Amino acid sequence: MSYDIYAQACTEIKISRFWTRKQPTSSGFSYLLAAITDLLRNLIPTEAKLQLYKSAVLPYLTYCHLVWNFCRASDARKLERLQERGLRAVYKNKHASYTQLLERAKLPTLANRRLQDICILMYKV
């Protein structure tokens, strides 16, 4: 399946004949990017998006988390919000609570993941 992507006079973006998005003339590229991501968001299945999230985003959120476990609470909340935003994007659900999204994805909170990894590390030592 291929898509013809082109901009018409910087006022309308058409992707094939199936999808059209109007935009202001000031920033055509950002709207083209938004149009492509909107199209992909609907084409990629939820399970594939969850796998992409777990393999591409989650490692960045848990990188060296044993070292910075004792950081400020505000920084930990920012990381939890990032995970929440990622899960909301995966499931396209703006109204579910963070705990519901975590249960659906079968993931622990980042704080619980850090505590689990600390326990595993202490057991190995």
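The model is predicted, with local features requiring pLDDT of at least 70, side-chain atom pairs counted only at pLDDT 80 or more, and totals for chains, interfaces and linings using all residues. Residues are numbered from 1 along each chain as its sequence is written, and side-chain values use heavy atoms, with hydrogens and water left out.

Val 67 lies in the loop between helix 2 (46-61) and helix 3 (73-91); helices are DSSP runs of H or I of at least four residues, numbered from the N terminus. Val 67 is exposed, at a relative accessible area of 70% (buried denotes under 20%, exposed over 50% and partly exposed the range in between, with a 1.4 Å probe and protein chains only).

A polar atom of the His 65 side chain is 2.3 Å from the backbone oxygen of Thr 62. Beyond neighbours within four places in sequence, His 65 is in contact (heavy atoms within 4.5 Å) with Arg 113, Arg 114 and Asp 117.

A nonpolar surface patch consists of Leu 66, Leu 121 and Val 125, which together have about 280 Å² of accessible area. Patch members have over 30% relative accessible area and no salt bridge, with nonpolar side chains (Val, Leu, Ile, Met, Phe, Trp, Tyr) joined within 5 Å and like charges within 9 Å. Accessible areas come from the Shrake-Rupley method with a 1.4 Å probe, and for residues only the protein chains shown count as cover. Leu 121 belongs to helix 5 (residues 110-124) and is partly exposed, at 42% relative accessibility.

The structure contains 0 disulfides (cysteine sulfur pairs within 2.5 Å). Cys 64 is partly exposed at 39% relative accessible area, and Cys 71 is partly exposed at 29%.

Across the whole structure, 2 salt bridges are found, each defined by a side-chain nitrogen of Lys or Arg within 4 Å of a carboxyl oxygen of Asp or Glu. Arg 72 pairs with Asp 75, with 3.6 Å between the closest N and O atoms. Arg 72 is exposed at 57% relative accessibility, whereas Asp 75 is partly exposed at 26%. Arg 88 and Glu 84 form a salt bridge with an N to O distance of 2.8 Å; these residues are about one helical turn apart, because 4 residues separate them in helix 3.

Definitions and conventions
Helices (H or I, at least four residues) and strands (E, at least two) are DSSP runs, numbered from the N terminus. A polar contact is a pair of N or O atoms within 3.5 Å; within protein, one must be able to donate a hydrogen and the other to accept it, and residues adjacent in sequence count only if both atoms are side-chain atoms.
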